[in-house]
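Thanks for coming, everyone. I have one structure to walk through today. Please look at it on the screen while I talk.

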Amino acid sequence: MTSSNDEVTKAQQAAALPTSDDTPTVFDKILSGEWSSDKVYKDETCLAFRDVNPQAPVHIILIPKHRDGLTQLSKAREDQEGLLGHLMYVSQQIGNKECPKGFRIVINDGQDGAQSVYHLHLHILGGRQMTWPPG
């Protein structure tokens with residue numbers, strides 16, 4: 001597991017870079033098949049796969065297949081409301097299947113939110129007792 005300080009450093013570095021739909025991310029490489037992933041779910045709008053650096057026994061990343069400007073939750077447009085709802089619905093389906101005793105959904109947003117990849121993504125975490133506060 002990566003320490004939270006490593007993730008904060010990655011987030012600070014990522015925030016300093018320009019972002020746009022034209023800037024490929026690690027998730028674009030997974031979507032294109034350039035990089036492999038352990039897929040757990042896919043449909044016409046989203047893809048879920050196991051995190052390569054899990055922060056819990058179950059750590060799944062859920063992403064929209066098309067960014068369409070959705071680099072951060074705080075950048076969501078009104079016309080993306082249906083997609084956001086779909087991502088939440090799919091995350092609970094995956095969470096219920098993978099973590100029947102409970103799970104946590106996390107969305108990091110921006111530098112202070114420790115976002116290190118600028119392609120909206122949901123973390124589905126579980127398989128152990130989560131602690132509070134989270135950060």
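**Backbone, sheet and core**

Ala114 is partly exposed, with a relative accessible area of 21%. Why start there? Look at the backbone. Phi of Ala114 is near 65°, a positive value, and the residue is not a glycine. You will find Ala114 in the loop between β4 and β5.

One caution before I go on. This is a predicted model.

There is another residue of this kind. Asp68 has a positive phi of about 45°, and Asp68 is not a glycine either. Asp68 sits in the loop between β3 and α3. Is Asp68 buried, partly exposed or exposed? Its relative accessibility is 43%, so Asp68 counts as partly exposed.

The peptide bond joining Trp132 and Pro133 is cis, with omega at about 0°.

Now the overall layout. The chain has three helices and five strands. Reading from the N terminus, the elements run α-α-β-β-β-α-β-β. Of the 135 residues in the chain, 33% are buried. The chain exposes about 8,000 Å², and carbon and sulfur atoms supply 52% of that area.

What about contacts along the sequence? Take contacts between residues at least 6 apart in sequence. Of these, 60% join residues at least 24 apart.

Next, the sheet. In what order do the five strands of the open sheet lie? The order is β1-β2-β3-β5-β4, and the pairing is antiparallel. The edge strands are β1, residues 39–42, and β4, residues 103–106; each pairs on one side only. On average, neighbouring strands of this sheet are turned by 20° against each other, ignoring direction.

Zoom in on one pair. β1 pairs with β2, residues 46–50, in the antiparallel sense over three bridges. Lys39 has Phe49 in β2 as its bridge partner. Then comes the helix on the sheet. Helix α3, residues 81–98, packs there and touches β1, β2, β3, β4 and β5. The direction of α3 makes about 160° with that of β3.

On to the inside. How many residues does the largest nonpolar core have? It has 13. Those with the most contacts inside this core are Ile60, Leu62, Leu87 and Ile94. Two or more residues come from each of β2, β3, α3 and β5.

Are Cys46 and Cys99 buried or exposed? Cys46 has 0% relative accessibility, so Cys46 counts as buried. Cys99 is at 5%, so Cys99 counts as buried as well. The cut-off for buried is under 20% relative accessible area. And how many disulfides are there? The count is zero, taking a disulfide as a pair of cysteine sulfur atoms within 2.5 Å.

That is my tour. Questions, please.

Note on methods. Residues numbered from 1 in each chain as written. Predicted model: local features only at pLDDT ≥ 70, side-chain atom pairs only at ≥ 80, totals over all residues. Heavy atoms only, no water. Buried < 20%, exposed > 50% of the residue type's maximum accessible area, 1.4 Å probe, protein only. Helix = DSSP H or I, 4+ residues; strand = E, 2+ residues; numbered from the N terminus. Contact = heavy atoms within 4.5 Å. Areas by Shrake-Rupley, 256 points an atom, 1.4 Å probe, with all protein chains shown as cover. Pairing = 2+ DSSP bridges. Axes fitted to C-alpha atoms, helices over the stretch in contact; angles between N-to-C directions. Core = buried A, V, L, I, M, F, W, Y, C linked by side-chain atoms within 4.5 Å.
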